[in-house]
Amino acid sequence: MTKPFTEPVNKKYSTKKTKKLMLGINDPGVILGYLLAVVGLIACVVYGALNWNKGMETSTEEIQRDLDWEEKDEHLKEEI
């Protein structure tokens with residue numbers, strides 16, 4: 001009679017001892033990926049917090065030019 005599920009199916013891979021790093025992850029590349037994702041998240045949050053209420057910084061000349069353009073656009077629409 002066989003013992004159900006007491007021995008691994010493939011002993012070749014199950015007896016291999018590997019050095020486990022942080023959180024049970026064997027590959028440092030995976031850790032680097034997680035680390036870069038967290039660093040990117042923090043950078044985005046800091047950037048968003050610093051630029052939260054910054055509006056478009058335009059001069060009065062640019063604003064007047066935009067208003068003139070809108071008036072010309074309305075006039076052209078009326079002609080059509």
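This is a predicted model: local features need pLDDT of at least 70, side-chain atom pairs count only at pLDDT 80 or more; totals for chains, interfaces and linings use all residues.
Residues are numbered from 1 along each chain as its sequence is written, and side-chain values rest on heavy atoms, with hydrogens and water left out.

The protein chain contains three helices and zero strands, in the order α-α-α along the sequence. Helices (H or I, at least four residues) and strands (E, at least two) were taken as DSSP runs and numbered from the N terminus. The mean pLDDT of the chain (the predictor's confidence in each residue, from 0 to 100) is 79, and 71% of the residues score at least 70. Confidence is lowest in helix 1 (residues 11-14), with a mean of 56, and highest in helix 2, with a mean of 94.

Of the 80 residues in the protein chain, 1% are buried. Here, buried denotes under 20% relative accessible area, exposed over 50%, and partly exposed the range in between (1.4 Å probe, protein chains only). The accessible surface of the chain amounts to about 8,400 Å², and carbon and sulfur atoms account for 63% of this area.

One salt bridge was counted, the criterion being a side-chain nitrogen of Lys or Arg within 4 Å of a carboxyl oxygen of Asp or Glu. This salt bridge joins the side chains of Lys77 and Asp73 at 3.7 Å, N to O. Both residues belong to helix 3 (residues 60-79) and are four residues apart, about one turn of the helix. Lys77 counts as exposed because its relative accessibility is 59%, while Asp73, at 27%, counts as partly exposed.

Surface patches were built from residues with over 30% relative accessible area and no salt bridge, joining like charges within 9 Å and nonpolar side chains (Val, Leu, Ile, Met, Phe, Trp, Tyr) within 5 Å. Leu32, Leu35, Leu36 and Val39 make a nonpolar patch of about 380 Å²; Leu35 is located in helix 2 (residues 28-50). A negative patch comprises Glu61, Glu62, Asp66, Asp68, Glu70, Glu71, Glu74, Glu78 and Glu79. For charges, Lys and Arg count as positive and Asp and Glu as negative, with His and the chain ends not counted; each charge is placed at NZ of Lys, CZ of Arg, CG of Asp or CD of Glu. Asp68 lies in helix 3 and is partly exposed, with a relative accessible area of 31%.

Technical notes. Accessible areas come from the Shrake-Rupley method with a 1.4 Å probe; for residues, only the protein chains shown count as cover.
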